[in-house]
Amino acid sequence: YMTAEQAILKSMIENGPKAYEQAFKQVPHSLRTLYTHSYQSYVWNSMVSKRISMYGSEKPVIGDLVLLPQSDGEHRTSKNSRVKVLNESDVASGKWTIHDVVMPQPGYDVKYPQHNIGNAVYKAFVEADSLSWNALCKKKGDYALPGGYRAILVLPTNMSYKWITYSDENEELSLTDYDKLQNFSEKKSEEHGAFTALQLTFRLPQSSYATMFMRELLKTETDLASLKEAKLT
């Protein structure tokens, strides 16, 4: 219970209240890794917002990164060998769409876009948080991060929908995985139900979230203040 908090407080009692680095090192490695990966995602999200703000979200631009397809049985020593920087002829060809564009999570083994949202902007953003860019991108150490690539925009697949009419507003309309294992029956629409629900089914790739898809679909903000105002919490 409160493993990280206990470890930090115990270390500060033993080593002094300002021994921050020593205290943080007492947090279990798995938790420390979670923190660093979360910061990577924070940086990535911020850089994608800058990229879309500057270049839009309709099409690739010169200097964007895309991942080349990997053939079956093909072995590559580094994911960077699949990264392509788009040039003027690539963009003009129409071969690549905005859904092919990726942005890197910061680390020691990634390439950066060759436009205004490149290495220098990543570095400045990280250093504005009083963090060392060199420490973040070094190959050895407790917090060594190789980095990675994520598509800036994805499309859901296997998408379907159906309308459900029902009368009990507290009734569960969707089956959980456990329900399915127990062979529970799916909720069927009631002929004279007082309420109507739209049930969506879709699949998203790894590191994509249904909450964000629903936000874009419904054009509804998901921050706590907006949810409270809409009385959804």
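User: Is Leu217 buried, partly exposed or exposed, and why?
Analyst: Quick heads-up: this is a predicted model, where local features need pLDDT of at least 70, side-chain atom pairs count only at pLDDT 80 or more, and totals for chains, interfaces and linings use all residues. Residues are numbered from 1 along each chain as its sequence is written, and side-chain values use heavy atoms, with hydrogens and water left out. Buried means under 20% relative accessible area, exposed over 50%, and partly exposed in between, with a 1.4 Å probe and protein chains only. Leu217 has a relative accessible area of 42%, so the word for Leu217 is partly exposed.

User: Which helix holds Leu217?
Analyst: Helices here are DSSP runs (H or I, at least four residues), strands are E runs of at least two, and both are numbered from the N terminus. By that numbering, the place of Leu217 is helix H8.

User: Where does Asp90 sit, and which residues does Asp90 touch?
Analyst: Asp90 is part of helix H4, residues 88-93. At 14% relative accessibility, Asp90 counts as buried. Contact means heavy atoms within 4.5 Å. Leaving out residues up to four places away in sequence, Asp90 touches Lys84, Val85, Lys95 and Trp96.

User: How many aromatic pairs are there?
Analyst: Rings of Phe, Tyr and Trp (its six-membered ring) pair if their centres lie within 6.5 Å; planes under 30 degrees apart are stacked, over 60 edge-to-face, and the rest tilted. By this rule, the count is seven.

User: What is the angle between the planes of Tyr112 and Tyr122?
Analyst: These two rings make an edge-to-face pair, 4.8 Å centre to centre. Tyr112 is in the loop between strand E3 (101-105) and helix H5 (119-128), and Tyr122 is in helix H5, so the pair ties together parts ten residues apart in sequence. Tyr112 is buried at 8% relative accessible area, and Tyr122 is buried at 0%. The angle between the planes is 70 degrees.

User: Which residues form one aromatic cluster with Tyr39?
Analyst: The cluster is built from aromatic residues, Tyr39 among them.
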